[in-house]
Each structure stands twice: as structure tokens, then as C-alpha cells.
Amino acid sequence: MQVNHKHYRTVWMEGSAVFMIDQNLLPFEFSLFKSVSCSDTCIAIKDMTTRGAGAIGAAAGFAMAQGALEAPAHKYAEALLEAKKTIEQTRPTANDLFFAVNEVYKAACINSDEAVKKAMELADTNATACRQIGEHGSKLLQNHTRIATHCNAGWLAFVDYGSALSPVYVAKQQNKNIFVYADETRPRSQGGRLTGWELYNENIDHAIIPDNATAWLMKKGEIDLVITGADRIAANGDVANKIGTLEKAIAAKYYGIPFYVAAPLSTIDKNTPTGEKITIEERNADEVHYATGPDPEGKMRTIRLTNPNSNACNPAFDVTPAELITGIITEKGVIHPTDIKDIILIH
Ligand code: MRU
């Protein structure tokens with residue numbers, strides 16, 4: 001996508017270095033982070049310098065390629081396995097991360113050139129799939145459709161285009177007037193910070209809303225359709241996505257509003273039978289207690305938001321049961337969640 005009239009991907013590799021847009025600084029500063037080692041790329045995934053299911057998938061693939069480039073010839077196989085394990089421990093929920101590491105690991109077992117080639121290829125596939133998701137999903141959007149989304153499943157969350165926002169970008173190119181409600185997505189505010197930034201840059205009419213406003217707007221008839229992303233889709237069509245997705249889906253069902261999930265097929269985890277078995281990342285309680293942003297003079301400050309003596313718990317994802325999902329927008333078209341099992345048989 002374009003930033004200041006220049007095309008960027010969210011994450012890419014040049015030589016042995018991995019570059020990523022630093023998402024911890026957005027929307028206040030646009031800056032690139034350069035990682036020169038597998039372990040630095042792992043830290044960047046863990047601390048969410050890069051984030052979003054598809055972006056961490058691509059970054060993890062690149063990290064695996066860096067692991068292969070760094071591996072000494074005399075203990076190549078051992079070093080590869082060590083790198084794979086380290087990358088897999090960065091974040092547990094998004095399937096793309098494990099998918100990419102595994103694919104690049106297999107290529108790395110041939111040699112490091114093959115590993116780099118595979119990591120690049122996966123990043124390209126990720127961008128192409130998202131573009132196709134946009135084309136299929138845009139058919140669900142009419143002129144004046146008002147869409148609610150959650151977290152950031154735009155191009156920052158993938159290599160390019162995004163999943164939930166890709167249909168919005170394609171609809172805009174088709175000259176449809178659309179409106180997006182982006183909820184803030186506490187505690188890390190990916191909706192308020194990143195989706196807001198993307199939509200503003202793409203000139204899409206939108207409003208950032210508090211996390212607890214969606215059901216009310218649905219009741220008032222202001223939301224026509226919901227599209228969220230997905231981090232992992234179980235074989236029965238249950239979907240793990242950013243915490244708060246489940247309550248949007250329940251509210252949408254109650255008010256008879258279509259609830260779509262947009263995700264590339266690499267999000268499907270055929271080895272996980274139901275959402276019950278998906279590992280949900282638990283993040284640091286400080287993400288709930290504190291927020292960071294610029295003060296009116298532009299100086300970055302971190303402030304406490306909660307009672308100093310209270311504990312917090314911070315589950316980063318939840319699981320929406322398949323029965324609450326109207327359809328899953330994939331690169332192959334829109335499918336019913338219960339048809340995931342047929343897709344698994346084909347792939
Ligand atoms: O910001 P993250 O990496 O914790 O969130 C993951 C996600 O990107 C969201 O859950 C998103 O909706 C999934 S689609 C990329």
C-alpha cells in the first residue's frame with residue numbers, strides 16, 4: 001500500500017536483513033525497523049514491532065530463513081531446529097506463523113538459498129491471497145454499506161492489502177461509498193491506532209468507536225455488516241481472533257446482522273478439531289494498566305489507567321463458534337464455516 005506516495009509492504013527481506021514497518025510507533029511516527037538476525041526478528045514479533053496474523057507469518061518465515069543463513073555448516077541441522085523452536089515460541093495463536101516456519105524449515109533442510117526463496121514466495125502468496133479476498137469480499141459491499149470491524153486486519157496485519165479491510169479497499173476503488181466503524185480494541189488499541197491510520201490514509205470514511213459501543217450501534221440500525229480477521233480457524237469452522245470478536249459476533253447474531261470473517265486459507269489449522277483446542281495467548285497485565293501516546297506537546301508518555309493496587313488479566317484472543325459466522329471470505333471465495341472440512345480435504 002502507499003505511504004507518502006511510496007509503495008510499502010508491511011514486512012520484507014533484503015539480503016539477510018528483515019525490514020518491517022514499526023507498528024509500535026504508528027500512528028504517531030512512520031518508521032522502519034531493520035532486523036539483522038533471526039533472534040532480533042523473534043524479538044520484533046514478540047514485542048509486536050510487527051503484528052497481525054499474516055505479517056507475523058511472513059516475518060516468522062523470514063526469521064527461519066535468517067536462521068538458515070546464520071547456521072554454521074558443521075551443525076547446520078541442529079541450528080535450524082533450534083531457530084525453528086525459538087521462532088515458534090514467539091506468539092502462540094496465529095496459525096500463519098507455524099505454517100510459514102514449517103514451510104521455510106523444510107526448504108532450509110535443502111539449503112539456505114532455498115529457505116530464502118521459500119520465505120519470499122510465502123510473502124508474495126500472502127499478498128496475492130489478500131488481494132483476492134478483497135475482490136471476493138467487495139461483492140458483499142454495496143454503495144453506502146456501513147461495516148464494523150475489530151482490531152486491525154488491514155494491510156499492516158499482512159504483507160499487503162489485509163484481510164478484513166481488503167474488501168473495503170477494493171470497494172473504494174469501485175467507487176462505492178462505504179463507511180467503517182473501527183473499534184478501538186483495547187488494550188493495545190490496534191483498531192484506534194492502526195485501523196484508524198490505514199483508513200485515513202486510504203481516504204475511507206470512518207469513525208473510531210469505543211469497544212463497548214458496537215452493540216448499541218447495531219441496535220440503532222447503524223451497522224449493516226461486520227467483517228473481522230482471523231488468527232486461526234479450527235477444522236470445524238470455529239475462529240480465534242482478537243479478544244472482543246466473540247462479543248461482536250453474539251451481538252450481530254442477536255440483531256440479525258451478517259458476521260463475516262476474512263482470512264487466507266493458510267489460517268486454517270486442520271490439526272485442531274475445534275476452537276476449544278486453540279492456544280490463547282495471555283499477554284502482560286501492564287498492557288491493561290498502562291497506555292502510551294503523545295501528550296499535547298507531542299512528547300511520548302506512558303500513563304497508568306487503572307487502580308494501582310488491582311491485578312489485571314489480559315487474554316489476547318477469543319474463539320467465535322462457527323454457528324455465529326455467516327461466511328469466511330477466502331482467496332477462493334466466500335465459504336460457509338462448516339465447509340472448512342471440504343477445503344481441508346482439497347488442500
Ligand atoms: O495485533 P495482534 O497480532 O495481537 O492481533 C492479531 C490480529 O491481527 C487480529 O486478531 C486480527 O484481527 C487477525 S487478522 C490479521
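Select β4 (17–21) and β5 (32–35): the two run antiparallel and are joined by four bridges. Strands here are DSSP E runs of at least two residues, helices are H or I runs of at least four, and both are numbered from the N terminus. Within this pair, V18 has S35 of β5 as its bridge partner. This is a predicted model, in which local features need pLDDT of at least 70 and side-chain atom pairs count only at pLDDT 80 or more, while totals for chains, interfaces and linings use all residues. Residues are numbered from 1 along each chain as its sequence is written, and side-chain values use heavy atoms, with hydrogens and water left out.

The three strands form an open sheet in the order β3-β4-β5, with antiparallel pairing; two strands pair if DSSP finds at least two bridges between them. β3 and β5 are the edge strands, each pairing on one side only. From one strand to the next the twist averages 25°.

Contact means heavy atoms within 4.5 Å; axes are lines fitted to C-alpha atoms, for helices over the stretch in contact, and angles run from 0 to 180 degrees between N-to-C directions.

Which residues does F62 touch, not counting those up to four places away in sequence? They are V11, W12, M13, V18, A119, M120 and A123. F62 is also among the residues that touch the most other members of the largest nonpolar core, which has 37 residues; V11, M64, A65, L80, I87 and V104 are the others. A nonpolar core is a set of buried Ala, Val, Leu, Ile, Met, Phe, Trp, Tyr and Cys residues joined through side-chain atoms within 4.5 Å. Buried means under 20% relative accessible area, exposed over 50%, and partly exposed in between (1.4 Å probe, protein chains only). The largest share, 10 residues, comes from α2. Another core, of 31 residues, lies apart from it, with Y8, L165, L199 and L225 among its members.

Go next to α7, residues 190–201. Nine of its 12 residues are buried, including R193, W197, E198 and L199. The buried residues pack against β1 (2–3), β6 (146–149), α6 (166–173), β7 (179–183), β8 (205–209) and β11 (239–242). Just after α7, N203 takes a positive phi of about 65°.

Then select the cysteines. How many disulfides does a search of the whole structure find? It finds zero, a disulfide being a pair of cysteine sulfur atoms within 2.5 Å. The sulfur of C38 has its closest cysteine sulfur in C42, but at 4.3 Å this is too far for a bond. C38 is buried, at 6% relative accessibility. C109 is partly exposed at 44%, and its nearest cysteine sulfur, that of C38, is 14 Å away.

The last stop is T272, in the loop between β13 (268–269) and α10 (286–289). Is T272 buried or exposed? T272 is buried, with a relative accessible area of 10%. Beyond its neighbours within four places in sequence, T272 is in contact with A234, A235, K277 and I278.

Definitions and conventions:
Expected span 1.5 Å × (residues − 1).
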